[in-house]
Amino acid sequence: MKGTHPIAPALSLSAFLRALRERQSPADFGLAAGPRRRTPGLRREEVAQLCGLSVTWYTWIEQGRDVSVSASALARIARGLRLSSAERGYLFEVAGRRDPERPGHRDDPPEEILACVDAIDGPAYILDRTSSARRWNAKASFLFAGWLDDDGEKNLLRYIFVRPEARSLILDWSSRAQRVVAEFRAAVTAYSDDPDIRRLVEELRLGSSDFERCWETQGVLAREGGERAFNHPTMGLLHYQQVSLSLAGWPDYRLTMLLPARSLRDR
């Protein structure tokens, strides 16, 4: 399989910046269009001035030269060109950098998005980036006693490693617990400086030897679906197919649905 050419990201960033520059209206930035403009949109020197960058440096970036573009320089470009949140996100993604401001990451999704769990025919819940449940339906509350019922601890990691109900409910608890920690580590890598994440990890490392052991393995896994089995105290053995989805526009939130495994096999 062919590898990715090392200049490919720089060329992708180059093409995106050029397209952004050419579709800007000079008037929107208080600049006269003038009869002598021979190129659409803004000139490179105008973009450099708006973004607080040197003309030479900005030109090199737009030309796709193999230069290291810092996150702060990308943030200046995003502010200078008044990029939308989607454009800003794409700018940092294509440049391979983490947005230091992470726009909107502390905003909650609107009520109609959170309420979608009520329309799902099976246990469903929405987690934020700390793995705390932000919304769940009645079936999830019934299944996860000690977590999503009225008296439960709403953080999934605390539930798994602290609440005794989790160990009896989740079949093959040990392997599932280790996988959840590895998925969590992978998901929060970009937020290693977030005080909420740091407090949660330190609390669990001190309060649970099992979590400490799982965390120290340095496991990193992508989140995935698959079969899940539970030994419910009143319903007995239950099998589900887990499906997890990120919420479009709110990447720090994840919707998880548990669909009856039987109904999936019958399709």
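The crossing of helices α10 and α12 is right-handed, meaning that the near helix is turned clockwise from the far one by less than a right angle. Residues are numbered from 1 along each chain as its sequence is written, and side-chain values use heavy atoms, without hydrogens and water.

The axes of α10 (residues 173-187) and α12 (residues 209-216) come within 9 Å and cross at roughly 55°. That makes α10 oblique to α12; angles under 35 degrees count as roughly parallel, over 145 as roughly antiparallel, 65 to 115 as roughly perpendicular and the rest as oblique. In contact (heavy atoms within 4.5 Å) are W173, A177, Q178, V181, F184 and R185 of α10 with D210, F211, C214 and W215 of α12.

An open sheet of five strands is ordered β2-β1-β5-β4-β3, with antiparallel pairing; two strands pair if DSSP finds at least two bridges between them. Its edge strands are β2 (133-136) and β3 (226-232). Four bridges join β1 (residues 124-127) to β5 (residues 250-260), and Y125 has T256 of β5 as its bridge partner.

Mean pLDDT of the protein chain is 85, with 90% of its residues at 70 or more.

| Stretch | pLDDT |
|---|---|
| residues 1-7 | under 50 |
| residues 263-267 | below 50 |

Where pLDDT is low, the predicted coordinates should not be read in detail.

Key. Predicted model: local features only at pLDDT ≥ 70, side-chain atom pairs only at ≥ 80, totals over all residues. Axes fitted to C-alpha atoms, helices over the stretch in contact; angles between N-to-C directions. Helix = DSSP H or I, 4+ residues; strand = E, 2+ residues; numbered from the N terminus. pLDDT = per-residue confidence, 0-100.
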